[in-house]
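Try each task before you read its solution.

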Amino acid sequence: MLSNPRVTFLIVSWNTRQLLSECLDSIAATCPDFEVEIIVVDNGSTDGSIAMLEQQYRHVRRIVNQKNVGFGQANNQAAEASKADYYFLLNSDARLFPLALHHMLTLLEMNPRAGAVGARLENPDGSFQASYTSFPNLWREFLLLSTLGRKVFGPWYPSHGPSEDSVHRADYVEGAAMLIRGEAYRQVGGFSPEFFMYSEEVFLCFSLAKAGWEIWYQPQARVLHHGGASSKNRKTSREG
């Protein structure tokens, strides 16, 4: 355990053993020049995830919950266990491409008002996955839920297609791969306990912006994201 890590990866997992293994391997393969800490919070998995961590990833810190406490609360547990300069929120069904951490960390270190930066998420086939957008309102939610947004503006909606390859500020970025300044995370108290799963990052980014921090999108940081792996496994509406 690092006493004062520069970057701590916060990974929440629920029955994603194989994907979690691939996620952890991607960190080892793409961050060789960084001294990073990894904390996995397991939300009551029954697929052998804990045994795998104990046998194959002894360097990874583990927090084991007896039940699924949700994405936001689990991340807060991990953050409370580390006083890192930066927290990298990474989904267990995501994999880093080379230099992803480097590009995100460089952006934050060059901009002292940047509180968080999101990566360019890609589907397994390499296509762009919605990675950022503006804060929701009734009109945007209607376009999204009715699928009219994607029919009119393109399959990347609600992320604005013309900007997907440029570094720019955004209202919020997806929590599947987000690097957050530790100072900023602690200032706003992390994730709100009111959210169990989904939309947590929207409120987190809103809280950061309200506190005066900027949110950025960095497309040079590429992350493969399967998306919804835990949701596909859940057996009840309260499992994430």
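Glutamate 214 has 16% relative accessibility, so this residue counts as buried (under 20% relative accessible area; exposed is over 50%, partly exposed in between, with a 1.4 Å probe and protein chains only). This is a predicted model, in which local features need pLDDT of at least 70, side-chain atom pairs count only at pLDDT 80 or more, and totals for chains, interfaces and linings use all residues. Residues are numbered from 1 along each chain as its sequence is written, and side-chain values use heavy atoms, with hydrogens and water left out.

**Exercise 1.** Find what surrounds glutamate 214.

*Solution.* Next, list its contacts (heavy atoms within 4.5 Å), skipping neighbours within four places in sequence: Asn111, Arg113, Ala114, Gly115, Ala116 and Arg169. Finally, look at the side chains: those of glutamate 214 and asparagine 111 are joined by a polar contact of 2.9 Å.

**Exercise 2.** Which residues of helix α8 are buried, and what covers them?

*Solution.* First, go through residues 200–210: Glu200, Glu201, Val202, Leu204, Cys205, Ser207 and Leu208 are buried. Last, step just past α8, where glycine 212 takes a positive phi of about 100°.

**Exercise 3.** How many disulfides are there?

*Solution.* Apply the rule, a pair of cysteine sulfur atoms within 2.5 Å: the count is 0. Now check accessibility: cysteine 23 counts as buried because its value is 0%, and cysteine 205 is likewise buried at 0%.

Definitions and conventions: Helices (H or I, at least four residues) and strands (E, at least two) are DSSP runs, numbered from the N terminus. A polar contact is a pair of N or O atoms within 3.5 Å; within protein, one must be able to donate a hydrogen and the other to accept it, and residues adjacent in sequence count only if both atoms are side-chain atoms.
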